[in-house]
Amino acid sequence: MTTIGVVDTTFARFDMGRAAVDEIQQNVSVRIKRITVPGVKDLPVASKKLIEEEGCDLVIALGMPGAQDQDKVCAHEASQGIIQAQLMTNTHILEVFVHEDEARDDRELMELMDKRSREHALNAIKLMFKPEQLVKEAGTGQRQGFEDVGSLRA
Amino acid sequence: MTTIGVVDTTFARFDMGRAAVDEIQQNVSVRIKRITVPGVKDLPVASKKLIEEEGCDLVIALGMPGAQDQDKVCAHEASQGIIQAQLMTNTHILEVFVHEDEARDDRELMELMDKRSREHALNAIKLMFKPEQLVKEAGTGQRQGFEDVGSLRA
Amino acid sequence: MTTIGVVDTTFARFDMGRAAVDEIQQNVSVRIKRITVPGVKDLPVASKKLIEEEGCDLVIALGMPGAQDQDKVCAHEASQGIIQAQLMTNTHILEVFVHEDEARDDRELMELMDKRSREHALNAIKLMFKPEQLVKEAGTGQRQGFEDVGSLRA
Amino acid sequence: MTTIGVVDTTFARFDMGRAAVDEIQQNVSVRIKRITVPGVKDLPVASKKLIEEEGCDLVIALGMPGAQDQDKVCAHEASQGIIQAQLMTNTHILEVFVHEDEARDDRELMELMDKRSREHALNAIKLMFKPEQLVKEAGTGQRQGFEDVGSLRA
Amino acid sequence: MTTIGVVDTTFARFDMGRAAVDEIQQNVSVRIKRITVPGVKDLPVASKKLIEEEGCDLVIALGMPGAQDQDKVCAHEASQGIIQAQLMTNTHILEVFVHEDEARDDRELMELMDKRSREHALNAIKLMFKPEQLVKEAGTGQRQGFEDVGSLRA
């Protein structure tokens with residue numbers, strides 16, 4: 001049975017992992033393995049362990065980098081590690097980051113974190129079960145958490 | 001039979017993958033394997049899988065990074081991953097990125113995305129079938145999508 | 001018996017390693033292997049050696065990057081290396097960095113270095129022995145060394 | 001017989017590869033394998049293939065990064081890849097980059113590209129055949145393409 | 001017999017390698033393998049070759065990055081490669097970089113390069129032969145080449 005890993009952080013201010021798990025369960029029947037780590041820099045190895053030690057076929061790695069310069073550097077390092085972990089395992093790890101300064105207030109931030117987590121959960125499902133659907137959406141300006149911007153028009 | 005992989009994104013606002021596939025098919029007879037992923041950070045592992053699991057001899061990885069600072073960071077991470085994937089497979093992955101702020105308006109952006117995708121498809125063909133042609137073009141100031149700047153003159 | 005590695009630096013201005021060791025010993029009974037290296041850029045290989053040559057099941061890597069631009073670059077390189085070491089060993093290495101400019105004076109800096117070292121030691125224990133506790137804390141805005149910021153509220 | 005690989009780009013505005021090949025041939029008798037790729041980001045894998053698939057004992061990788069911010073990022077990514085390729089093969093790849101904005105006009109740029117390519121070709125020869133000569137030059141402020149700055153004096 | 005590798009550059013303006021070798025020889029009896037490469041970006045592979053092909057148990061990699069922005073980028077790339085080389089070999093490579101703009105004039109720069117090279121040579125000796133001494137110095141604010149800043153006081 002297909003297994004999807006979900007890993008999020010205690011640093012984030014919204015339970016992104018729960019949102020992702022909920023969205024997956026509403027749409028497909030798969031085994032889900034969920035774990036939580038302290039911060040985004042712990043996501044790469046946690047994702048790789050989910051793949052290599054827990055048999056996950058795809059992982060969703062969720063985090064909320066803070067708004068300060070140092071937080072941006074941390075997010076960059078985490079992203080590099082997540083890409084590296086994918087290359088070492090030949091397995092997709094969908095990075096779902098919401099930067100704390102992407103929203104204007106707490107309510108907007110919470111909604112963005114919920115929506116982006118859910119929309120990337122749907123991307124995970126497409127990558128696993130409906131790759132041809134993604135080809136149909138090529139170049140259509142999809143955005144996760146915000147309104148899609150659509151294709152360019154001449 | 002030679003196989004060329006083509007991978008693009010749903011984030012882009014123009015179907016770059018289609019342009020690349022079309023250009024290849026107009027010029028050579030090869031097997032093409034096309035897939036689409038959500039964003040540029042998903043390109044490295046997708047390209048590596050095309051090489052190692054689908055037998056591609058070369059991959060063209062196309063994307064349109066956004067205009068904001070965070071988008072630039074994402075593009076940088078994707079580029080690093082694409083280079084790493086090449087080193088792990090000893091296989092060329094031609095990165096075809098058009099930054100959203102390279103053009104002044106939607107029409108120009110669309111044309112740039114179309115042209116650069118096609119010109120790199122031709123580069124892919126040269127790398128595969130006419131490497132001696134590339135040596136002839138060494139130091140000639142080739143630009144993909146814009147007019148070539150040519151060699152320096154004394 | 002579970003072994004936790006602790007590695008810190010002679011560059012730091014507070015004995016972070018001792019704080020981490022003390023906190024671990026107050027809470028669990030494990031074997032601890034402690035070493036010290038000159039600076040943060042020596043932490044990645046030291047951590048990897050603790051895992052692969054000393055049998056550590058998890059490593060806590062502690063450092064105090066300086067306040068100048070060049071120090072920030074060093075910290076970034078060290079962080080990248082620590083993530084890479086984790087991916088090569090499938091083992092968590094908890095990075096505990098306190099930047100010298102995070103505090104307003106020496107006393108505050110010392111307290112921050114002590115507290116963050118101890119709180120990450122507790123995270124190490126949770127990762128090893130109580131992973132389900134971390135899932136309960138998902139999205140609760142935990143901060144190490146400072147007061148937690150808590151979950152977002154609608 | 002010793003084989004030196006030479007790889008340059010069609011993006012550059014001067015045939016750096018030819019200059020390097022010419023300098024090598026004027027000084028030593030070795031087998032030379034020359035190829036050309038589109039841009040600097042294609043240099044890492046091309047260099048690694050020259051080493052692993054064409055038996056090169058050392059590679060000279062030449063490129064001319066453009067003057068814009070994005071070009072600087074590309075050069076950085078290429079450099080990281082070239083270092084990585086060396087580590088994966090235990091083989092020197094001499095990076096010879098001339099940034100387009102290092103010179104004041106086209107003539108100066110052309111001369112710089114020619115001189116730096118040739119001086120690094122001589123470095124390649126020393127690395128291969130006269131390593132003791134390099135030790136003699138340790139700390140002497142060598143510069144490739146510009147006048148040497150020399151050792152510090154008390 | 002223990003072997004320490006020493007690698008420096010022709011780009012530097014002071015013979016850092018000689019200073020390191022001299023300091024080692026004044027303090028311990030080990031085999032020393034010294035080589036020189038053109039610039040700091042050649043240090044990672046040279047260090048790795050010293051470890052894997054010349055049997056070095058530890059390497060000291062010395063360089064003097066220039067004062068311009070591009071030089072800072074080169075130093076960053078070299079540092080990343082040196083960390084990577086350590087992770088690939090489970091062997092310490094002590095990076096000894098003196099940035100050309102760390103000193104106010106040539107005399108000060110020369111003295112700094114000499115002192116830092118020697119103090120890191122002593123660190124190398126401690127890492128190899130007296131690791132327990134480093135633990136005693138944990139958190140004591142050691143600085144190489146400048147006066148130590150000492151521990152924080154409450």
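**Close-up 1. Helix 2 of chain C beside helix 3 of chain E in the predicted model.** The axes of helix 2 of chain C and helix 3 (residues 69–89) of chain E come within 9 Å and cross at roughly 10°, where axes are lines fitted to C-alpha atoms, for helices over the stretch in contact, and angles run from 0 to 180 degrees between N-to-C directions. The two helices, helix 2 of chain C and helix 3 of chain E, are therefore roughly parallel to each other, a term used for angles under 35 degrees. Helices (H or I, at least four residues) and strands (E, at least two) are DSSP runs, numbered from the N terminus. On the side of chain C, the residues C:P44, C:V45 and C:K48 of helix 2 meet E:I83, E:Q86 and E:L87 of helix 3 of chain E, contact being counted if the C-beta atoms of two residues, placed from the backbone, lie within 7 Å. Residues are numbered from 1 along each chain as its sequence is written, and chains are lettered from A and ligands numbered from 1 in the order in which they are written.

**Close-up 2. The side of chain C that touches chain E.** The contact takes 34 residues from chain C and 26 residues from chain E. Among the elements of chain C that each supply at least two residues to this side are helix 1 (16–27), strand 2 (31–37) and helix 4 (106–129), but helix 3 of chain C gives the most, with 8 residues. By class, this side of chain C has 14 nonpolar, 7 polar and 13 charged residues.

**Close-up 3. The side of chain C that touches chain A.** Here the contact takes 26 residues from chain C and 34 residues from chain A. Helix 3 and helix 5 (131–136) of chain C are the elements that give two or more residues to this side, and the largest share, 7 residues, comes from helix 3 of chain C. By class, the side of chain C that touches chain A has 9 nonpolar, 14 polar and 3 charged residues.

Definitions and conventions. Predicted model: local features only at pLDDT ≥ 70, side-chain atom pairs only at ≥ 80, totals over all residues. Nonpolar A, V, L, I, M, F, W, Y, C, P; charged D, E, K, R; others polar. Parallel < 35°, antiparallel > 145°, perpendicular 65-115°, else oblique.
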